[in-house]
Every structure is written in structure tokens, then in C-alpha cells.
Amino acid sequence: MIFEHLFTPVRIGTMTVKNRIGLPPMTVGYGTADATLTDRHRAYYEARAMGGAGLIVTEAAAINGNRKYGLFPLGLYEDAQIPSWAKLADAVHPYGTKVGVQLMDPGPESIQMLTGIQPVGPSAVVGRSHFRSLPREMTTGEVEAVVEDFAEAVGRAQAAGLDCVQIHAAHGYAMVGSFLSPFFNKRTDRYGGSLEGRLRFLLEIIAAVRAKVGRDYPIMLRMSGDEHRTGGRTLQETQFIARALVAAGVDGLEISGGAIPTAFYAVVPPQGTELAPNAPYAQAIREVVDVPILCVGRINTPRLAEFVIATGRADLVSMGRALNADPEMPNKAAEGRLDEIRPCVGCNEGCISAVMKGLPAGCILNTEAGKEIDGPPVATERPKRVLVAGGGPAGLEAARVAAVRGHDVTLVERREKLGGQVNLASVAPFKQEISQVVGYLSREIEKAGVKVELGKEVTPEFVDELKPDVVVVATGATPLRPASIPGIDGEKVVSAWEVLGGTSEAAIANNVVIIGGGLVACELADFLADTHDNTGAMPTLVTMLEMQPLMAMQAVYEIRHLLMKRLHDKGVRMINGATVKEIVDDGVVYTTHDGREETIHGAEYVILAMGSEPNDELASKLEGKVPEVHVIGDAKQIARILEATAAAAELGRRI
Ligand SMILES: Cc1cc2nc3c(=O)[nH]c(=O)nc-3n(C[C@H](O)[C@H](O)[C@H](O)COP(=O)(O)OP(=O)(O)OC[C@H]3O[C@@H](n4cnc5c(N)ncnc54)[C@H](O)[C@@H]3O)c2cc1C
Ligand SMILES: Cc1cc2nc3c(=O)[nH]c(=O)nc-3n(C[C@H](O)[C@H](O)[C@H](O)COP(=O)(O)O)c2cc1C
Ligand code: SF4
């Protein structure tokens, strides 16, 4: 057995969890206006129970309808909401999985635009989330009312048949987090002043909850081991708080990290950051209390999960995005089918970033995430001969789904390697994990019986020969090279794709100018500024020219935060508001945001990272030749892997 510890039971208070793998709270955004769980929610959680998770804690649910942190939050603030939670318990229990709810009061982070009500908090110190409103300091009586709200909500969870609850006290924000934080809590009554004062609110919540539901109902709590921000809570204080909470009757602690928003990169740690960053904190807290410790954060494979448990860092591992990417991961691990696990690459694009934009959570690789209610692809009654042109993520996913349904699929890629632009996407530092998109999909298409031909271009003649019923044009994009810029055809002008693809000497130049400041440009700068000149003495001089007022504006918030910090630390010269007028022999002439003309000299290469345009020529050439032609991915519209795979899966189901 590879996993000696992962698949052993563990007790949290009176509750026995069948294994050590939990789904932590993730707001997936499938709710409706009445704050009840929808069928879509239930299907999402049921899939994770069916896939083998031992414990599920649902996304945050509100304890008071007057405070909202998102468009459609779940709630347990009215008895009418109980039945939808009871249905969830009924859906999950047949798999032997325990289920609880995370209870949260957004407090000062409540969005006034959504409620029409001014948010309240420990003090009139403004919250730091995106849609901030000015909060009002609660009276002592109002604080006591929130304590009661928590107790009532836990009572409703118990009435619904949920096995446990988790109180959200993590990430240095919202109501409980703000009371605990000296940054937000400036109170002079018994709820502020000292550490004990800041902790009193939470201890009163636990006492009220225990009075409501008795000693036996499992109560867990989530907090950050370290908030990783100036003035934020550090490990020792968390250890102190942990002991007080356990003495007050908390049955289990989930250790997360970071604070919202300044250390959000530690709350949902993205690609390229340390794996299991909270494990050392979990271990240190485990040393001072005698209740089970759950550890969360970038524990993204069963082997790593086993390591965390086996080495005594935690008693359970919460694997959020890993289970979003593959709900069946626990079962596959238990059966030794490790190669079949759909990896989470930490891109944050389909899950947390989508939710922060007010969209439902999905996944770049798991195109069924959030769509479990639709069931798996259905076998076709009329198998067709399908030709997929292009082996990027769009072509790979379309081929996979069509083949799983029983179509006869051939995928043709003009290069010698599958993956398309993802091969370029994984080159920059901290991006290597994204290459797993190609590895996983390549294995899956092979398993599904797709015939793959590499090093061949799909042309109208090729199509005439093969005579497919359907052609899927997934031919991607071509980098933009605006002919209107004088000098753009110069010998020393190359594209970012050539540099990242390892086919341009610009990669070993000592001084370059990048035109563009989007994600590709910034990642390229991150890559080039890591290198030194031939003597090893000087870092490569990288200058970026961007028209917009900010760099990498389209990037995921926490990824951008880390990327920008690296570019600053590496001394990349970032010039915003710059309009390029001309490329000269050794540099670029541009106009500044206030209309001055400037010239950069000394560049050995000028690298274009000005975006790309759809490469859809094949589609027009096939008009009238084939019964069905579909264009997907970047060939239709330039976007990201998320959009490419989503469109591909949708087409695969429709063919
Ligand atoms: C440097 C860089 C970094 C990026 N980073 C990210 C990221 O972190 N996250 C993210 O979501 N997106 C990222 N992207 C964008 C993402 O890679 C693309 O949106 C995605 O790959 C589009 O998928 P696709 O399958 O539509 O096209 P492509 O990936 O471009 O694949 C198209 C394939 O079709 C082949 N082809 C073209 N014509 C033919 C033909 N006639 N016959 C046969 N084959 C043909 C091409 O060789 C290519 O392999 C990045 C892009 C770049 C350039
Ligand atoms: C889409 C999404 C929604 C989240 N919503 C919540 C939430 O409602 N409450 C919470 O405490 N944490 C939330 N988190 C944080 C996760 O619970 C978890 O701590 C984080 O994703 C890191 O763990 P992972 O690497 O296993 O995904 C969310 C994360 C994601 C990706
Ligand atoms: S969208 Fe990216 S980060 Fe989120 S679960 Fe999928 S692979 Fe992981």
C-alpha cells in the first residue's frame, strides 16, 4: 500500500472520518437569491463524496442575511434554509463521507452595494477587500447579537443533519478575523484592547454554540497559522489562541495561511509557490493542542498528502483545488491509479479568479467542474469520423470528449510535439506546473483511443483525402506583428514566442527591449532578467514598454502580485503609457504618456509581445468541403486555456 496513513480513519470530537482527505470550504458561486443550496451545489459535493473524500466542508454560509460578501452566498440564518442543507447531508452520507458547513460573517467586508446596509465590524476601520465600504463600529449589544447569530446557525446545521460545522476565523478579515486582529479591532470595551480582549468575541461564540448544541456536536475552526503581513498574527499568537479555543470546546482546527488581500497569495497559494506552505505551522500548532489538526494549502497530490500525515505535520489534509480538478482523486489514489489523476496546476484561473469576478467556479482542466449536474459525456448513437486540426489544449480536449463518446477521432498537429502555446506558457520561472495540462490530456486521449499524427499540417488536400464527417479547427493563434510600426521587420526584431520557444538568440542577449506589458511580456521579462551576461557579472538588462497605465492587467490578482514583485526585485525597467513610434537599429523610439519623445539605445534585440490573432485560415478553406466544420479555442477568439477547454468540451458533447 503506497498510502499507509492517508486511508486510515480519524476522529474529530465524536465524529469519525473514514480517511484523512477533506474538501475545504470553497465558494463556488452556484447559489441563488434565497441563499439555499442548489441542485448544482449538491451535485458538486456529491461527486467529491463519490470520489472518496472523507470530509466535506461546504463553502462559507452566512449567519445573518444583512451582511453579504458575494452575489449569492449560502445561508443558515433562517429555518426555511434548513431543508436544502438536509438534502445535501442525504446526498453525501451514502458514500460514508461526513459533511459540514463553514459559517462566516463578512462583518466589515460586507458589500453595501449588495445589501443597502452599512457594514459593521469591531471598529470603523475599513475592510480591505475589493468592494470596500466604510464600516460602523458595533455597539456591545450588537456584538452579543452576532454571538447569538452564530449559535442559532450552528443549531440549524445540527437540525439539518450536518455532521459538523467550521467557524471561519481565518485570513485576518471578516467578522471573527477582524475581532482577532489588532489592525481592525480598536475597541475599548471588553472585546478589544488586549489579545484576551480580541479573543473574547470568539470564545463567547464557542460558549454560545456549545450551550445551543451540547458538548458532543463537532465544532471546528479555521484560522491562519501566520498571516504573513506586517502587523498580522504570527505563529506564537496562533498557538496561544489555539490552546484557548480547544479549552473552550473546539474539536478540530484547520490551519490555513495568509490574510486578505495583502497576503492573498498565501490564502490560495498559486503555481510556483512552495507546496504545503502551512504544514510547518500546522505541526507547530499540533504540538500545543490535543485535537486533530487539518492542514490546507497546496497539498496537491496524494503523495504529498501522505507525507504531511506520515510526518506528523497534521491529522487530516484539506485538498481544495486538487479535488476541484479531480473529484475522484482519493479513489484513484487508493487504487494506485496515480497516472489517471487530473492534476491541479495552481493557475487559479478557473476557480478562485472566476469566483472573484462573480462567475461560477470551474477548472481549466476539469471541464466538468461545476457541471456535475449534467452528468458525464453520453455515448453517441451515430459515431462519426472526426478530424481535429491542432494539438493545443482546445484540440486535445475536443478530441478527448469526442473519443470518450465513441467517435472515431484523429488529431493532427503540425509540430512534432503536442501542447501548442502551453509549451511556451511553461517556460517562464514559476510556470512549469502548467505543462501538466499537456501531459494529462496526452495520456487521456491515448486512453480514449484518439489516433495522433505529429509533424503534419492539416490542409484542404489532407481533408479531401481523409474525408472526415467533422473537422474541428483548433489551430490556435499567430503572434501580432503590426506592419504599421516602422522598423518592425528588422533583423533583430523577434517575437516573444520565438524567445520562449528557444529558437532566438535574443534569449542569450545582455540588453533587450520588450514591446508590450501583458502577461506574456511580463513572464518573458521574468525569464530573461533571471539570466546574466557571459561573465556572470551583470544581470540581463530588460526594458518593457507598455501603452496601458499598468502591466499584466489581465493577470490573476495573486499571481500578478508575486510576478510584479519579482520584476521589481530583478530590476526590470517597466515603462507604462509608452506608445512605440519606431524600431531603430539598437532600440526603440516611443512617446511618453505626457507626449514627450524618448529613445532607448543599446538594445541587442527588440522582442514583440503585443498579443496574438486567431489562426483560422483553415476554416474558410474548408467551407463546403465537409459536412461539419467547427472553430474553437484561440483560433476562434484569443483567450486562455480555460476558455479553450470549455469550448472544446462543449463541442465534444455536441458532435
Ligand atoms: C507565453 C504564453 C504564456 C501563456 N500562459 C498561459 C497561462 O498561464 N494560462 C492560460 O490559461 N493561458 C496561457 N496562455 C494562453 C494559452 O496557452 C492559449 O490560450 C491556449 O493554448 C489556446 O489553446 P488552443 O488549443 O486554442 O491553441 P494553441 O495552444 O495555439 O494550439 C494550436 C495548435 O494547432 C497547431 N496547428 C496550427 N495550424 C495547424 C494545422 N493547419 N494543422 C495542424 N496543426 C496546426 C499549432 O501548431 C498548435 O500546436 C499563454 C500563451 C503564451 C504564448
Ligand atoms: C474557488 C475557491 C473558493 C474559496 N472559498 C473559500 C471560502 O468560502 N472560505 C474559506 O475559508 N476559504 C475559501 N477558499 C480557500 C480554500 O478553502 C483553501 O484554503 C485554498 O484554496 C488553499 O487550499 P488548496 O491549495 O487545497 O486549494 C476558497 C478557495 C477557492 C479556490
Ligand atoms: S483552475 Fe487551475 S488552480 Fe483551479 S483547480 Fe483547476 S487547475 Fe487548479
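Helix 13 (393-404) and helix 15 (residues 436-448) have axes that come within 9 Å and cross at roughly 30°. Helix 13 is therefore roughly parallel to helix 15, a label given to angles under 35 degrees, and their crossing is left-handed, meaning that the near helix is turned anticlockwise from the far one by less than a right angle. Axes here are lines fitted to C-alpha atoms over the stretch in contact, with angles from 0 to 180 degrees between N-to-C directions. Helices are DSSP runs of H or I with at least four residues, and strands are runs of E with at least two.

This is a predicted model, where local features need pLDDT of at least 70, side-chain atom pairs count only at pLDDT 80 or more, and totals for linings use all residues. Residues are numbered from 1 along each chain, and side-chain values use heavy atoms.

Now to ligand 1. Of the 35 residues around ligand 1, Glu413, Gln421, Lys431, Asp634 and Ile641 come nearest; a residue counts if one of its heavy atoms lies within 4 Å. The shell divides into 16 nonpolar, nine polar (Gly among them) and ten charged (Asp, Glu, Lys and Arg) residues. Helix 14 (422-425) gives the most to this shell, with three residues.

The polar contacts below are pairs of N or O atoms within 3.5 Å.

| Protein atom | Ligand 1 atom | Distance |
|---|---|---|
| Glu349, polar side-chain atom | nitrogen | 3.5 Å |
| Ala639, polar backbone atom | oxygen | 3.1 Å |
| Ile641, polar backbone atom | oxygen | 2.9 Å |

The protein covers 96% of the 1,000 Å² of accessible area that ligand 1 has on its own (Shrake-Rupley method, 1.4 Å probe).

Note on methods:
Chains are lettered from A and ligands numbered from 1 in the order in which they are written. A polar contact is a pair of N or O atoms within 3.5 Å; within protein, one must be able to donate a hydrogen and the other to accept it, and residues adjacent in sequence count only if both atoms are side-chain atoms. Angles under 35 degrees count as roughly parallel, over 145 as roughly antiparallel, 65 to 115 as roughly perpendicular and the rest as oblique.
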